[in-house]
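Below are some notes on the aromatic side chains of this model. Please read them alongside the structure.

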Amino acid sequence: MNSKITRALPELVENDIISDEIAQNIKAHYEKTNASDSDRLFTIFGILGATLVGLGIILMMAHNWDHFSRITKVILAFLPMLVGQAILGFSIAKNKSVTWKEAATVFLFLSVGVCIATVSQVYHISGDLESFLLAWVSLCIPLMYLTKSTAAIILHLIFITYYSFEASSGALSSAPMLYLVLFAIPIPRYIQLIKSKIKSPAIIAFHWLFPLSLMLAFPIFIGRSYFTGLLVYMLLYGLFYNIGKHSYFKNASLWQNGYLVLGAIGTVSTLFVTSFRMAWNILPLSGSFGESEITICIILLALVCLVLNQNSKGKSFKKSDLFQYIFLIFTIFFFIGTANGVIATLFINILIFVLGLMLIKVGADKVRFGMLNCGMFIVALLIACRFYDTNISFVLRGLFFLFIGGGFFAANYIMLKKQNTKK
C-alpha cells in the first residue's frame, strides 16, 4: 500500500494536486515507518536468535555433562553468563542498536538461570523450584533499567507469574508480598513508556501481560477460600475494566486494550458462575473471610473506586458504562448471597439480562456489530443456562435455539441495512 502511494506522488505533483514539499514529506513519513517496521522485525528475530543460541548451549552441555569434572562444570556454568555480560557491556559502551541490547539481555537473562541451576546441581545445594525462580528473577531485576529492555520486562512478568503458581502450592507465607514487590518493580518503567506515547508492539503486550500476571497470580492471595475468591476476582476485573476505560485508551482498538477485554470477559464469566443456585450452596463450605481476604478486598475496592472517580470526571451518569459499576452491584449481591442464595441468584440473573440488553441497545444505536452480537450472545447464553438447570423438553430447547439463531441473522441483517442507509 505504501509503495503504491509513493509511486503515485510524482503524478500528483505534476497535476498540481499536491506541492513538491508535501510529496517529500509524505515520502519521508513512509520511509520512516518502513524503517521502524524493519527494526522491530529485526529486534524480534534477534531475541529469537539469542533464545535459540542459549537453548543450544544448554543442550550441548547436558549431552556431555557426565564426562566433565567438577571444575569444568563450574566454569561451563559461569561461561554463558560471562559471555552475555560481555556482549551486553559492549552493546551499552558502543551504544549499539536496540536489537543488540534486547538480544544480549535475553541471552544474559537465560544464562543467569542456567548458572544458578548448574551450580546448585554440582554442589548438591538443596532447594525447591519456588526459591530457584525467586533467586533467578531477583538477580535479573537490574536488566530492566540498565538496558531499558522491554524483553527483560516481558521475561520478568512471565517468570514471576510462574513463581506465583509454585508459591500457591507451597508453604511460604511471605509469597504474596514477595510477588507484589516483584510485580511493582517494572511499573515505573511501564509508566514511563506510557507517558512517551509510543504505540509499539511491546507496550501493547504490556497492556495484556500486566493484568494477566495479576489475574493468574491472585490465587496466592486467596489460598483455598474459593468463596471469597469470587468477590476478590470481581473487584480485580472491575479494576481492569475501569483502567481500560481511561482516556489513555480512548482511541485504542480492543486488541490494544488488554485491561478492557480481560475485565469484561472476567466480569461476565464470574456473573455466569454465580447465576447458578448451586454456586451459593457449595461455595460457602469452601471457606470464609479471613483477615488477609478482607484487607485485599478493601484495597481493591479503594483502587477501583479511585479509578472510577477519575474516569467519571466531567461525564454525566447517563454516559457511563454499566460494566464500570458491576463490581459495586456484585459486592452488594455477594453479601446478600451469604445470607440468602436464592435472592442473590435471582438478582444476578436479572443483572446479566440487563447487561445483555444494554449491549444490544448500544450496538444498535451506534451500528456496532461486535457489541450487538456480544449482547445477543449473553442473553442467549443466560437463557440456555436456565434451560439446562430446569426440566424443559428437548423439543422446546431445540425451538429456542432455532429462534435465537434466527434472531442473530435478523438483527445483523437489519443493522447492515441501517449502515448502508446511512452511507
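1. Buried here means under 20% relative accessible area, exposed means over 50%, and partly exposed lies in between (1.4 Å probe, protein chains only). The model is predicted: local features need pLDDT of at least 70, side-chain atom pairs count only at pLDDT 80 or more, and totals for chains, interfaces and linings use all residues. Residues are numbered from 1 along each chain as its sequence is written, and side-chain values use heavy atoms, with hydrogens and water left out.

2. Rings of Phe, Tyr and Trp (its six-membered ring) pair if their centres lie within 6.5 Å; planes under 30 degrees apart count as stacked, over 60 as edge-to-face and the rest as tilted. The count by this rule is 21 aromatic pairs. In one of them, the ring centres of Phe 330 and Phe 334 are 6.2 Å apart and the planes are at 40°, so this pair is tilted.

3. Phe 330 and Phe 334 are both buried. They sit four residues apart in helix 16 (residues 326-339), which separates them by about one helical turn. Helices (H or I, at least four residues) are DSSP runs, numbered from the N terminus.

4. Phe 333 and Phe 347 also form a tilted pair, at 5.2 Å centre to centre and 35° between the planes. This pair links distant parts of the chain, 14 residues apart: Phe 333 is in helix 16 and Phe 347 in helix 17 (residues 341-365). Phe 333 counts as buried, at 13% relative accessibility, while Phe 347, at 31%, counts as partly exposed.

5. One aromatic cluster includes Tyr 179, Phe 183 and Tyr 190. Tyr 179 and Phe 183 are among the buried residues of helix 8 (residues 175-184).

How values were computed
Helices (H or I, at least four residues) and strands (E, at least two) are DSSP runs, numbered from the N terminus.
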